Amino acid sequence: MENPERGQAVKPWLSQYGDHIDEMLSTPSHPSLPAAMIEAAEEYADQIAFTTVMPNGMYGSLRYREVDEMSDAFAYYLREVLGLESGDRVALQMPNCLSYPVCMLGILKAGCVVVNTNPLYTPEEMRHQFSDSGAKALVIVDLFADKLEEVLGETPVEHVVITRVPEFFPAVVKQITYGVMKYWNRAIPAHNVQATRLPTALEQGRKAGSGRPDYYSELGHDDLALLQYTGGTTGVAKGGMLSHGNLLWNLAQIRAMTAARMNPGEEVVLTALPLYHIFACSVNFMTMFLAGARNILVPSPRPIQRVQRAMENYKITWLTGVNTLYNALLNEEWFVAFPPKHIKAAAGGGAAMHHAVVEAWEEMVGAPLVEGYGLTEASPVVCFQPLQGERKSGTIGIPVPMTDIKLVDDDNNIVADGEAGELCVKGPQIMQGYWNRPEETAKTIKDGWLHTGDVAEMDPDGTFRIVDRKKDMILVSGFNVYPNEIEDVLSRHGKVLEAAVIGVPSEKSGEEVWAFVVKRDETLSKEELVTHCRESLTGYKRPKKIEFREDLPKTPIGKILRRELRDEVLGG
Amino acid sequence: MLTELETTLLGVMMIIIMLGMGSSLTFKDFAIALRKPQAIIVGMVCQYGLMPLTAFLLATAFGLRPEYTIGLILMGCMPGGTTSNIFVYFSKGRLSLSILMTVCSTLMAIVMVPVTMSLYSRGLEGEWAIPPDQIISLLFVLLVPTVIGIALRKFNANVGAVLELMGGVIGVIVIIFLLASWIPRNWDLLMATGPIIYACSIGLGLIGFGLGYFLAKNLWLDPIRARTISMETGIQNGPLAILIVAMVFTDERQQLVLLIPILYSMFIVMTSTVICLWYRKITDREVIARDNAKIGAIRET
């Protein structure tokens with residue numbers, strides 16, 4: 001496929017597609033996400049679609065047929081009872097639970113737009129996101145209703161639906177789980193929000209309409225499906241506009257990369273990452289739903305022990321995670337004693353995977369841990385290591401089909417072969433823009449190329465390697481130091497659990513490298529680490545200061561927040 | 001005396017308690033725990049080493065009469081009680097360690113209770129002896145629901161978790177039920193009982209809390225594990241001791257032997273509550289201290 005706009009004259013990665021990845025994908029045949037998902041729900045009607053597993057092993061499940069029927073009812077509720085219209089925004093704010101897929105699919109069937117919202121947001125962040133997106137309705141989990149009460153009046157939200165983590169569980173189990181959360185853990189706050197309980201909303205929806213609603217029948221690829229907020233860790237959160245077409249394309253791309261190890265209707269996927277995050281939303285929820293998989297939802301994987309029963313009680317064949325999640329699992333006794341036996345593949349993304357983690361995982365589990373790369377603005381998947389053939393560890397693999405990548409310097413010129421440059425992506429999965437922010441959009445998408453802010457290198461065979469975030473790069477006496485590299489070296493030391501590296505201003509060298517380390521073994525000393533770094537790192541890359549921590553600040557999906565460490569150091 | 005109805009009810013409830021206890025664990029949990037068995041070994045040493053010895057020394061020191069001695073030693077030789085798991089949870093201890101210790105000591109009971117009983121009750125042959133074969137057969141019967149519970153947990157986690165909860169709740173109900181029906185009928189006996197008997201009944205639990213803590217602490221276990229082992233050691237399976245006495249002594253001797261197990265069960269609920277609140281406070285303080293240390297480290301940089 002020749003493209004005059006691209007700089008890399010050929011697409012060297014195409015040779016790695018081999019027989020098992022389709023180079024050319026045809027335009028997704030379904031006009032919208034609900035159309036595709038309804039087809040899957042009908043095909044796999046009697047199979048279990050979702051199972052939520054509590055830390056003690058208690059669980060509740062929904063079959064495809066039930067998810068389909070309930071989401072029809074929710075669509076009727078939104079349109080007929082609340083009077084919403086096509087294109088109206090509806091926010092979802094809950095941890096992984098059975099209500100999430102029901103509401104998500106219901107909103108899409110109603111022709112409305114989903115606004116995924118992190119349940120751990122502060123009231124101020126909630127106010128910003130609901131106002132910015134113009135959400136008219138909100139489905140929120142009862143755990144956080146008290147935060148909503150503080151800001152509800154300052155947002156455009158007119159209708160609130162409340163759900164519970166054990167919603168749709170068997171009656172006795174639901175009451176026990178709810179009772180323990182409310183009276184024992186005191187996790188469910190009192191509030192005065194005027195709200196409808198989700199089961200009541202579904203009842204009202206069933207009365208308002210029957211049979212298949214057809215609100216979604218007019219949707220096309222260009223219509224908006226999802227407002228996915230991003231940039232919350234760097235400043236004001238912006239809503240990435242992902243259309244039905246963006247997501248359908250990305251689902252097809254993910255399917256093309258995974259088809260070799262995916263048996264439709266037979267997979268069991270562990271979802272410990274939050275569904276409100278685009279990675280789990282696209283990969284775990286939508287891709288696996290279309291493949292007729294059973295999705296094991298873990299409401300909160302922290303501490304990681306909460307995943308134990310989900311891992312033990314189900315024959316997990318796929319899972320997704322970030323480096324910190326895999327690392328945490330590898331440090332759990334129960335996991336090491338009985339590693340899961342049925343895993344076909346695990347996918348890692350969100351932040352750079354460390355060699356030591358990937359190696360230890362593959363040795364213990366005996367199945368590949370493939371690393372990928374994506375971002376909210378790309379629905380999210382851009383690159384993945386191929387599941388067949390040779391995999392190069394420490395890389396993000398090759399672009400998914402129909403995706404083009406170029407590496408550019410600060411003047412937007414394509415860098416020479418082998419040089420590092422900012423990774424730019426072009427493909428059908430790239431978002432339409434940032435919601436109501438044309439200037440931000442113009443800065444990010446130039447001539448159809450999405451500028452990611454990540455610095456990458458390309459091997460001659462078309463494999464990409466993320467060097468680091470452009471803005472995390474440390475400049476020591478004029479030399480570029482990438483925190484990822486230093487963190488990787490540190491975490492290779494057997495007594496290190498995890499590490500974060502930041503740049504701190506220095507009179508001598510402009511910036512200097514500081515490392516924050518969480519010990520795996522209490523006996524670890526700074527001297528040992530200094531010696532260890534001296535063996536693998538040249539002088540300017542070695543940390544000038546090493547500090548031991550009990551833990552490191554992380555985002556909800558477990559990315560280490562270097563910025564927060566920097567703020568702590570500079571602000572204190 | 002326990003009435004026939006009370007004895008039968010106690011037996012049925014004991015079966016449910018054991019079913020619930022089994023349901024709190026899977027075979028994998030055992031296998032995992034046995035990979036790093038330090039804490040379990042320390043716990044078992046407390047359970048079957050320190051507690052029977054404490055009971056024996058108390059009885060000897062106070063020169064208890066044989067009918068009380070046998071009750072006290074039996075109490076000391078009992079495995080851990082399921083109520084300890086609830087107290088450990090509330091005291092913010094290690095619930096997994098607590099459950100594991102309870103189940104391990106219950107499974108080992110079939111060997112350890114007869115062995116420790118015959119060791120410490122030598123000289124009590126005759127009318128006050130508890131024949132080991134009777135203990136073994138009773139414990140064997142109770143092993144069956146325990147194992148069924150473990151299997152149920154594996155078969156269906158929802159059934160397992162509901163049984164686990166039921167077992168814990170019924171454990172408390174049994175004690176309340178027995179006390180409520182037994183105390184009024186035996187008020188005169190309680191009034192006539194001397195302070196030494198009370199001291200032994202209360203002291204067994206309290207000494208158990210203390211010894212468990214110090215042994216665990218001195219064997220380099222962290223404070224949270226040490227506090228968990230402490231509660232596990234102090235809290236014995238009172239209803240089981242009562243059931244054994246009720247099955248073995250069917251005449252008026254029962255009344256006398258039952259006294260200490262019943263007093264122990266009554267007071268352990270109170271002492272455990274106090275200890276639990278105290279441990280909870282310590283745990284909270286440690287968490288705050290750790291947070292402060294972190295903030296301090298940030299300020300220094």
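Two strands pair if DSSP finds at least two bridges between them. The views below come from a predicted model.

**View 1. A parallel strand pair in chain A, S3 beside S5.** Strand S3 covers residues 89-93, and strand S5 covers residues 137-141. Four bridges join S3 and S5 in the parallel sense.

**View 2. The open sheet of chain A, with eight strands.** Read across, the order is S7-S6-S5-S3-S4-S8-S9-S19. The pairing is mixed. Strand S7 (196-197) and strand S19 (433-434) are the edge strands, and each pairs on one side only. Helix H3 (residues 99-109) of chain A packs on this sheet. H3 touches S3, strand S4 (113-116), S5, strand S6 (159-163) and strand S8 (224-230). The direction of H3 makes about 175 degrees with that of S3(A).

**View 3. A hairpin of chain A, built from S1 and S2.** Strand S1 spans residues 48-53, and strand S2 spans residues 59-63. Their pairing is antiparallel, over five bridges. A:Phe50 stands opposite A:Leu62 of S2(A). Five residues lie between the two strands. In the turn, A:Gly57 has a positive phi of about 100 degrees.

**View 4. The contact between chain A and chain B.** Chain A gives 20 residues to the contact, and chain B gives 18 residues. On the chain A side, helix H6 (171-184), helix H10 (308-313), helix H12 (333-337) and helix H17 (562-571) each supply at least two residues. By class, that side of chain A has ten nonpolar, four polar and six charged residues.

Note on methods:
Residues are numbered from 1 along each chain as its sequence is written. Chains are lettered from A and ligands numbered from 1 in the order in which they are written. This is a predicted model: local features need pLDDT of at least 70, side-chain atom pairs count only at pLDDT 80 or more; totals for chains, interfaces and linings use all residues. Two residues are in contact if their C-beta atoms, placed from the backbone, lie within 7 Å. Axes are lines fitted to C-alpha atoms, for helices over the stretch in contact, and angles run from 0 to 180 degrees between N-to-C directions. Ala, Val, Leu, Ile, Met, Phe, Trp, Tyr, Cys and Pro count as nonpolar, Asp, Glu, Lys and Arg as charged, and the others, Gly among them, as polar.
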